[in-house]
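Please keep the sequence and the model in view while reading.

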Amino acid sequence: MASTRVFCSNTVSVIDYRCEADPEDTPFVERHDSFSIAYVRRGAFGCRARGRSFELVAGSILIGHPGDEYVCTHEHQGGDECLSFHLAPALVDAVGYRPEIWRSVCVPPLPELVVLGDLETAAREFGLSPFHFLRLFARVLGVTPHQYLIRSRLRRAARLLADDTMPVTEIALDVGFGDLSNFVRTFHRAAAMSPRSFRQAARGNRKIFQKLLATAAARPRMAAAVPN
């Protein structure tokens, strides 16, 4: 693995890691030597730590605790890149050490971070800067990459809700949302109903649509009744 130190101070050091391991390479046990927060910029890899297994993709966060052992696996070709922030114990104590956070091993990817990683890769493929690519993307498609990603995830979620029997929580995680509440809020804003109601409607429960139409029809009357 190639590593480049891009910043260093008494309390923080930042290292750019670039791994070219492939599925043929034998995994081995490694150990965190400091508190660290590593942002996966590109690629994907597996991590086994504290008796659990994780799959990290672009946008994921790998959390390191001093002394903890872990094993990285590489089932995908192409390598991966991580930008890792190593923190001194004094800094961690100053901001408040919480073992449930520093022992969590991995944080699921946020949509904004997924887009950031993909944006850099896509811009590089077209020979553009990320900023210029972002402007062209929005001009052509009418939405930002983040908005496009969310809409794509919601479309896939709608298909799964209509055609599959997976629990709503599993669908939320499967399409890339980090938690159920965020998925429900986002889906409701887009579809004007909850995922569960959408599933019922897709299976022939017309009463839900009738209720929505009745509510929409009542809004003009309610607005007219409000004195100026």
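Gly46 stands opposite Thr73, a residue of strand β8. The strand β5 (residues 44-49) runs antiparallel to β8, and four bridges join the two. Strands here are DSSP runs of E of at least two residues, helices are runs of H or I of at least four residues, and both are numbered from the N terminus. Two strands count as paired if DSSP finds at least two bridges between them. The model is a predicted one, in which local features need pLDDT of at least 70 and side-chain atom pairs count only at pLDDT 80 or more, while totals for chains, interfaces and linings use all residues. Residues are numbered from 1 along each chain as its sequence is written, and side-chain values use heavy atoms, with hydrogens and water left out.

In general, strands of a sheet pair through backbone hydrogen bonds, either parallel or antiparallel. Four strands make up an open sheet in the order β3-β8-β5-β6, with antiparallel pairing. The edges are held by β3 (29-31) and β6 (52-57); each has a single partner strand, so one side of each is left without a neighbour in the sheet. From one strand to the next, the twist averages 35°, where axes are lines fitted to C-alpha atoms (for helices over the stretch in contact) and angles run from 0 to 180 degrees between N-to-C directions.

**The six-stranded sheet**

Another open sheet is formed by six strands in the order β1-β2-β9-β4-β7-β10, and its pairing is antiparallel. Which strands stand at the edges? They are β1 (2-8) and β10 (106-107), each with a single partner strand, so one side of each is left without a neighbour in the sheet.

Two bridges pair β7 with β10 in the antiparallel sense. Leu62 stands opposite Cys106 in β10.

**A salt bridge between strands**

Side chains of opposite charge can pair when their charged atoms come close. Nine salt bridges are found in the whole structure, each being a side-chain nitrogen of Lys or Arg within 4 Å of a carboxyl oxygen of Asp or Glu. In one of them, the side chains of Arg41 and Asp16 meet at 3.5 Å, N to O. This pair links distant parts of the chain, since Arg41 lies in strand β4 and Asp16 in strand β2, 25 residues apart.

**The largest pocket**

The largest pocket holds about 530 Å³ of space. It is lined by 26 residues, and those closest to its centre are Met1, Tyr17, Glu30, Tyr70 and Cys72. Two or more lining residues come from each of β2 (12-19), β3, β4 (35-42), β8 and β9 (80-87). The largest share, four residues, is supplied by β9.

On a 1 Å grid over the protein atoms alone, a pocket is an open set of points with protein on both sides within 12 Å along at least five of seven lines, a cavity is a set where a 1.4 Å probe fits but cannot get out, and lining residues have an atom within 4 Å of a point. Grid points are joined across faces, edges and corners, and a volume is the space filled by probe spheres set on the points.

**The largest cavity**

How many cavities of 30 Å³ or more does the structure hold? It holds two, and the largest has a volume of about 60 Å³. Among the residues lining this largest cavity are His32, Arg50, Asp68 and Trp102. Strands β7 (61-64) and β8 (69-73) each supply at least two residues of its lining.
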